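Please read the following report alongside the sequence and the 3D view, which come next.

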Amino acid sequence: MADIAMAQTGGKPPTLHNATEAYLAMNRRKRMYGGILLLMFIVLMASGWRISEERNAGDFLPGVSQLLDFPSEVLSEAWTNRANLPGYFIEFFPSLIETINIAAVSTLVGALIAAFLSLLASRGIARWPRMIPVFRRIMDALRAIPEIVIALVLIYVLGGGPVPAVIAIAFHTGGALGKLFSEVGENADLKPIEGLSSVGATWGQKMWLGVIPQVAPNWLSYTLLRFEINVRASAILGFVGEGGIGHDLKLAMQWGQGRYDQVVAIFLLLFITIVIIDRISDHYRAKIVKGN
Amino acid sequence: MTTATISADSPLAQQMFRSFRARRMVSFAVPGVILLYLTYAFFAFDVPGLAARARMDNAIILLSDFWSHKTHVTRDNRSGKITVAIEGEGKGTYAPGTYPDWVSIDGDVTTVDLGDGYIVTYDALGARMIVPGYGLIDIKPVGGKLVLDAPQPIPAWISVSDNKVGVTTDAGRFNYSRSKVETFKYEAGWELFFFTLDSPFHGKGFFELAGMAIAGDRVDPAQSNLAYMASEVWNNKMWRHRDVMWAIFETILMAFLGTMGAAIVALPLGFMAASNFMPLSPLRFALRRVFDFIRGVDGLIWTIILSRAFGPGPMTGALAILITDAGTFGKTFSEALENIDEKQVEGVRSTGANALQRARLGVIPQVTPILLSQILYYLESNTRSATVIGAIVGGGIGLLLTQAITTQKDWEEVAYYMVLIVLMVMIMDSLSGWLRRRLIKGDGGGH
């Protein structure tokens with residue numbers, strides 16, 4: 001199962017009397033390839049870490065000893081000001097809602113884009129079968145552009161606020177979900193579509209009545225998973241660009257000492273939200289897939 | 001023979017009706033709820049106010065910078081010094097006497113020919129611009145103020161104040177302020193992409209360069225022309241190809257080290273968190289909560305904590321990816337290990353193998369395809385994440401990109417980085433797809 005496929009390129013098929021020999025030879029070859037791969041991997045990893053350490057501002061070992069300095073500094077300050085935390089929870093709650101809204105809207109819009117593109121890019125159900133490669137490349141391109149690129153450019157054009165982040169995440173989601181959606185779509189049973197064609201249904205009707213009901217559970221499951229990812233992405237985009245709780249976190253961090261209680265409040269809000277959303281999405285995905 | 005009919009009020013029919021009604025409700029309610037939510041978000045995000053905030057002039061600058069470059073012809077009004085510079089940068093400044101042919105200097109008088117009949121002249125009195133179809137725009141400083149003399153009414157593309165006059169035309173822009181007068185000429189292409197102005201190869205065509213590389217006399221006696229050209233391109237001060245390529249390499253390095261490191265850390269932990277390998281359930285439970293905690297804290301926060309300890313750079317980024325993904329891998333690896341087929345392990349056990357041998361020969365071969373496919377999938381998705389993480393920790397192409405965007409002027413560099421990032425991601429995508437097909441038998445396309 002896990003064999004390295006290169007090992008299969010053997011010579012002639014073994015006859016009965018030299019089967020043992022051939023097996024052992026194959027085994028040796030496999031081990032050799034495995035060993036070479038392992039060695040290459042170790043060399044790559046070791047030299048990679050060396051280069052990255054050289055190009056880093058701080059070295060690894062001194063950094064490890066300082067690893068807990070910052071968290072402990074932050075936590076001790078927050079602990080002395082712990083009375084402020086509930087107030088901060090309330091203060092930052094609207095930004096948290098904004099972050100979640102950004103994730104939710106972009107997931108919805110992205111899923112719509114993905115649904116549309118994937119139906120056009122799935123073999124067997126596409127509207128224009130010749131155009132399948134075109135729609136696939138569109139999805140690849142959407143997936144390839146990192147969110148931050150679109151978001152930062154759009155912030156420059158549209159000004160701040162959540163809309164650049166929504167558009168950026170929605171684009172990326174459209175590409176990423178589109179690929180997964182079309183894999184589900186290609187495995188859909190084509191009989192309902194044939195049935196619908198026989199009664200003269202249009203392409204839209206065939207999709208809506210013949211394909212969507214089949215793929216809906218899996219699509220929903222992927223969309224929920226994506227929502228989880230997008231909540232994180234929207235927090236990060238806030239930190240790098242603008243909008244939502246990530247931005248508040250950046251402001252509090254830039255202020256540094258004296259506002260670490262805010263930093264901790266935001267950390268906690270973000271942590272709790274992510275864990276809750278993870279749990280909900282895990283629960284529903286298990287239910288959806290089992291119900292399928 | 002009587003036909004068996006089900007009357008409309010039989011229990012089965014009632015049940016069917018109810019189920020249809022419920023379905024109809026759902027199929028209307030779900031889009032309705034989504035629509036309501038989007039409407040709420042529409043106003044919560046202040047989309048109507050977006051039109052007011054949107055800076056379409058920025059969009060135009062951005063788009064034109066994506067495919068063209070501008071050359072500044074600047075006169076310092078105090079010293080009278082003329083500077084001709086590509087993008088107004090010191091690195092792109094023409095040496096005196098080597099100006100492009102559309103700039104001519106005759107004593108005090110500088111003439112800039114923007115093409116299509118647009119001509120700008122700077123002289124001792126002030127400056128003037130000829131706009132075909134409109135007329136002569138003449139600007140003179142009088143008593144510390146600027147006096148504009150142009151055909152009335154003044155159109156919208158001329159902005160006038162006491163201290164500054166700006167003219168925007170299709171051929172180029174012209175700004176007069178008290179301290180300096182500037183003309184911007186736009187031309188297609190990314191100028192100086194290969195050779196900067198001070199390079200001996202600047203301004204030569206492809207065939208001329210090819211000829212020099214093959215048979216020309218050595219420009220620099222110490223090295224061949226080809227090597228000299230390569231080093232001139234590599235060390236280009238304007239586009240900084242060397243730094244950019246290093247940044248791309250750093251980004252890929254972060255993704256590779258982070259993903260592989262996470263997999264190495266997570267594999268033993270995955271065994272310890274799988275119920276069929278770890279009999280001690282408290283330890284198992286504790287490990288699972290650790291995975292949940294790591295995943296819950298999120299990459300953003302790990303990145304911030306790590307960059308405090310290790311400073312900016314690719315190692316910090318790699319470690320941030322490593323920690324975040326160790327949590328994810330720990331969870332998925334242990335799930336994969338719990339779902340293995342016990343028969344193979346039984347078979348190996350029957351030959352008297354110990355625990356380590358059972359794991360090596362009975363378990364690893366079963367889970368390797370799943371784990372490898374997951375690792376490769378994360379490798380490609382981490383290439384994208386590494387761009388963002390680089391922007392936070394200060395390493396790789398993410399840093400260059402955010403720097404170029406925050407300066408808000410070198411949009412051609414932004415475009416260049418964007419193209420490179422997309423290429424990098426696409427190459428990593430296909431590389432990981434290729435590896436998956438090559439290393440994993442029976443993986444029909446994978447993710």
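The term pLDDT stands for the predictor's confidence in each residue, on a scale from 0 to 100. This is a predicted model, in which local features need pLDDT of at least 70 and side-chain atom pairs count only at pLDDT 80 or more, whereas totals for chains, interfaces and linings use all residues. Residues are numbered from 1 along each chain as its sequence is written, chains are lettered from A and ligands numbered from 1 in the order in which they are written, and side-chain values use heavy atoms, with hydrogens and water left out.

In chain A, confidence is lowest in helix α2 (residues 60–66), with a mean of 81, and highest in helix α4 (residues 85–121), with a mean of 91; helices here are DSSP runs of H or I with at least four residues and strands are runs of E with at least two, numbered from the N terminus. Over residues 1–9 of chain A the pLDDT falls below 50, and beyond near neighbours in sequence this stretch has 21 contacts in the model, a contact being heavy atoms within 4.5 Å. Where pLDDT is low, the predicted coordinates should not be read in detail.

Chain A contains eleven helices and zero strands. Its radius of gyration is 26 Å, well over the 19 Å that the globule rule gives for 292 residues, so chain A is more spread out than a compact globule; the radius is taken over C-alpha atoms, and the rule is 2.2 Å times the number of residues to the power 0.38.

| Property of chain A | Value |
|---|---|
| Mean pLDDT | 85 |
| Span of the C-alpha trace along its principal axes | about 80 × 65 × 40 Å |
| Buried residues | 46% of 292 residues |

Buried means under 20% relative accessible area, exposed over 50%, and partly exposed in between, with a 1.4 Å probe and protein chains only.

A nonpolar core is a set of buried Ala, Val, Leu, Ile, Met, Phe, Trp, Tyr and Cys residues joined through side-chain atoms within 4.5 Å. The largest such core has 114 residues, of which A:L249, B:M129, B:I137, B:F174 and B:L300 touch the most other members. Its largest share, eleven residues, comes from helix α6 (residues 147–158) of chain A. Leaving aside residues up to four places away in sequence, A:L249 touches A:F239, A:V263, A:I266, A:F267, B:L300 and B:I304.

Chain B is divided into domain 1 (69–188) and domain 2 (241–439), with bounds from an automatic or database domain assignment. The centres of these two domains of chain B, taken over C-alpha atoms, are separated by 55 Å.
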